[in-house]
Amino acid sequence: MNPRGPELPPARGPLSAALVEYLRGTGPLPSPTDPGDPYGDDPQLALYLCYELHYRGFAGVPDEAEWDPDLLRLRAALEHRFLAALRADTPGHASLDDALGTLLVEPAEGTGVTHFLCAEGELWQLREYAAQRSLYHLKEADPHAWVLPRLWGRAKAAMAAVEYDEFGGGRAERVHARLFADLMRDLGLDTAYGRHLDAAPAEMLAVVNLMSLFGLHRALRGALVGHFADVEITSSPGSRRLAEALRRTGAGAAAQFFYDEHVEADAVHEQVVRHEVIGGLLEEEPELAQDIAFGIDATEYLEDRLGRRLLADWRAGRSSLRVPLAQPDTLEQPCAT
């Protein structure tokens, strides 16, 4: 049994409820029947649980569950529906150059989450944002590392160089996941891995699940490179806005440092990813250009869905979380719903 993983979360529907019972050894595996909306809470949590077995697992769940053939069949059915929905719903660019070009242009008047937080966000909203993004940032570089055995030449060397930075350049205290945990601590948040899973809505789970979907499949290596490119190209300006928001609201130095670090580092990474990772991959496998574009477009699609959810809640003065955070006494509270 795994004694170190996070606890299994509360279920969000019949599919995830049956899966939790199976992982606990107290019930049969659910059949992969159609769960309805592929972006909904129940199927996204079920997919997250299947994927997490490849990371840290869960407390009390045997490590052997990672390669349970019946679980893999269930995961495959959930992945098929998720990927099919993404291919049908994602607005696609005509070419990879068009997809990259869109990322490289900062809108004159941005309206996204980081723009909102920079201009008018309050500390309670920044805490909610950090709690949700912890599902992503506490494993940020891990799914991208899965692509390394599937690359070679320029692309592999450049990808490894960027990942080396993400993992702290050989220094444990500089690992970006560790820096994000320091940010959370400055914001008074529990830093335990997976602690805020139950609070995150389906839109956030879908963003995290996309990384694992692309990372675990060799056939989707182009899409994973596209996801990586999207993250690195858009990170620097977004990080600058978040650092400004944290300074304005009086967050601690460690909270500001995480995003300050990404402003500089990701400006360099963006060049390496575009010219060496993508350029090197296309030099070897030019047929993957459209897959890379799909990875970019699917990432933007799911991030936009999450952004709309967060902004709708915050502009209405309500929490974006499914369950509330423990709030420090001095923190301004969201309005009751």
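Q: How many helices and how many strands are there in the protein?
A: Helices here are DSSP runs of H or I with at least four residues, strands are E runs of at least two, and both are numbered from the N terminus. This is a predicted model, where local features need pLDDT of at least 70, side-chain atom pairs count only at pLDDT 80 or more, and totals for chains, interfaces and linings use all residues. Residues are numbered from 1 along each chain as its sequence is written, and side-chain values use heavy atoms, with hydrogens and water left out. Read along the sequence, the pattern is α-α-α-α-α-α-α-α-α-α-α-α-α, and the count is 13 helices and zero strands.

Q: Why is the protein as compact as a globular protein of that length?
A: The radius of gyration is taken over C-alpha atoms, and the globule rule is 2.2 Å times the number of residues to the power 0.38. For 337 residues that rule gives 20 Å, so the protein counts as that compact because its own value is close, at 19 Å.

Q: What area is buried between domain 1 and domain 2?
A: An automatic or database assignment sets the domain bounds, giving domain 1 (14-88) and domain 2 (94-316). With contact meaning heavy atoms within 4.5 Å, 18 residues of domain 1 touch 24 residues of domain 2. Buried area is the accessible area (1.4 Å probe) that two parts lose on being put together, summed over both. Carbon and sulfur atoms give 67% of it, and the total is about 2000 Å².

Q: Which residues of domain 1 lose the most area to domain 2?
A: Look for a set of residues that together make up 33% of what the domain 1 side buries. They are Tyr39, Tyr48 and Tyr55.

Q: Which side chains meet in a salt bridge at 3.1 Å, N to O?
A: A salt bridge puts a side-chain nitrogen of Lys or Arg within 4 Å of a carboxyl oxygen of Asp or Glu. The structure holds 21 of these, and the rule finds one across the interface of domain 1 and domain 2. The pair at 3.1 Å is Glu52 and Lys139.

Q: What separates Asp70 and Arg73 in helix H3?
A: Their side chains meet in a salt bridge at 2.3 Å, N to O. Because Asp70 and Arg73 are three residues apart in helix H3, the separation is about one helical turn.
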